[in-house]
Amino acid sequence: MRTVDLFSGCGGLSLGFQKQGFDILAAFEWWDAAVKCYEANFSHPVFQIDLSDVSKAVEAIKPFAPDIIIGGPPCQDFSHAGKRIEAGRASLTDSFAEIVSVIRPKCFVMENVDRARNSNAYSSARNIFKNAGYGLTEIVLDASRCGTPQKRKRFICFGMQNQPDGFAQTLFDKRISQKPMTLRDYFGNTLGFEFYYRHPRNYNRRAVFSIDEPAPTMRGVNRPVPKGYPGHPNDACPVNESLHVLSTQERAWIQTFPKDYIWIGSKTDVEQMIGNAVPVNLASFVAETVKLAVEEDSRD
Ligand SMILES: C[S@@+](CC[C@H](N)C(=O)[O-])C[C@H]1O[C@@H](n2cnc3c(N)ncnc32)[C@H](O)[C@@H]1O
């Protein structure tokens, strides 16, 4: 299927769809660092444009005549990790919906943080999709049940023209694993540590995890153990000087990027791109489900 990726970041979503045979023709992104990183890993073009200018975006996307538009508009304004208010940036969800409604591909996939589902921005985007004639399958997926060793919950809205709402629900449900994937399931014994520190949002939450559980969500920042870390009763082991802290590279692997993925940019930028990304295996899981739904649709 002819595919374009909007708000493409460093390319997690693109790579997962490409792995399932989707023909990615172009990507669109405005952040310089992410554009450079994306370019280094894909052979199709990535265009540096501001997608909030919907008419310019439509002009740039239209020549590719996509069958499917995929994308994860920025989620800072309703992400758990950010401020819990909806500000200007949430309207990029509307921009995504408006672009889809003008280009009218057969399908689209929009990804966001789980709490986006109940946001005003999404309900406005949802109206735009419905008015444009799309049936919607709306689902929150836990990446650890979709081939990724990380408990990361993401909202997926999968739209297809001329379908009833919920059309792909059963397909998703059938494919979701009952068992969450741990780091040991994914990496075997190759990591070289059993426990690691992941800086918590606040000290009411634990910070030490075992490789015999899924990793917590990889966020956009990576901090060493602070001197004053008080410990938490649920830490998987006590904090000591030899406790492992995840490296940038390890965080990318936990996001299921391949080992040869090329990372370009400052450490801060790369950490941010990694935290922003859709895990490649989660993207691939969604892409495979889309493929099955399209096959079903063409048989009807
Ligand atoms: C959640 S990230 C997308 C991650 C990507 N789907 C992946 O899997 O790697 C959102 C992206 O939107 C980009 N972005 C933010 N505002 C934008 C705008 N106005 N136009 C284009 N891209 C924008 C950000 O730079 C960021 O890379």
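**Ligand site and cavity**

Of the 19 residues around the ligand, those that come nearest are Leu13, Glu29, Asp50, Leu51 and Val278. A residue counts as near if one of its heavy atoms lies within 4 Å of the molecule. The model is predicted: local features need pLDDT of at least 70, side-chain atom pairs count only at pLDDT 80 or more, and totals for chains, interfaces and linings use all residues. Residues are numbered from 1 along each chain as its sequence is written, and side-chain values use heavy atoms, with hydrogens and water left out.

By class, the shell around the ligand has eleven nonpolar, six polar and two charged residues. Here Ala, Val, Leu, Ile, Met, Phe, Trp, Tyr, Cys and Pro count as nonpolar, Asp, Glu, Lys and Arg as charged, and the others, Gly among them, as polar.

A ligand oxygen lies 2.6 Å from an N or O atom in the side chain of Glu29. A ligand nitrogen lies 2.8 Å from an N or O atom in the side chain of Asp50. Taken alone the ligand exposes 600 Å², of which the protein buries 95%. Accessible areas come from the Shrake-Rupley method with a 1.4 Å probe.

The ligand sits in the second largest pocket, meaning that more than half of its atoms lie within 2 Å of the pocket's grid points. A pocket is an open set of points on a 1 Å grid over the protein atoms alone, with protein on both sides within 12 Å along at least five of seven lines; a cavity is a set where a 1.4 Å probe fits but cannot get out; lining residues have an atom within 4 Å of a point.

This pocket has a volume of about 620 Å³. Of its 32 lining residues, Phe7, Glu29, Gly72, Pro74 and Asn276 are the closest to its centre. Its lining has 16 nonpolar, nine polar and seven charged residues.

The structure also holds one cavity of 30 Å³ or more. The largest cavity has a volume of about 90 Å³. Its lining includes Tyr197, His199, Met218 and Arg251. By class, that lining divides into four nonpolar, two polar and four charged residues.

Key. Grid points are joined across faces, edges and corners, and a volume is the space filled by probe spheres set on the points. A polar contact is a pair of N or O atoms within 3.5 Å; within protein, one must be able to donate a hydrogen and the other to accept it, and residues adjacent in sequence count only if both atoms are side-chain atoms.
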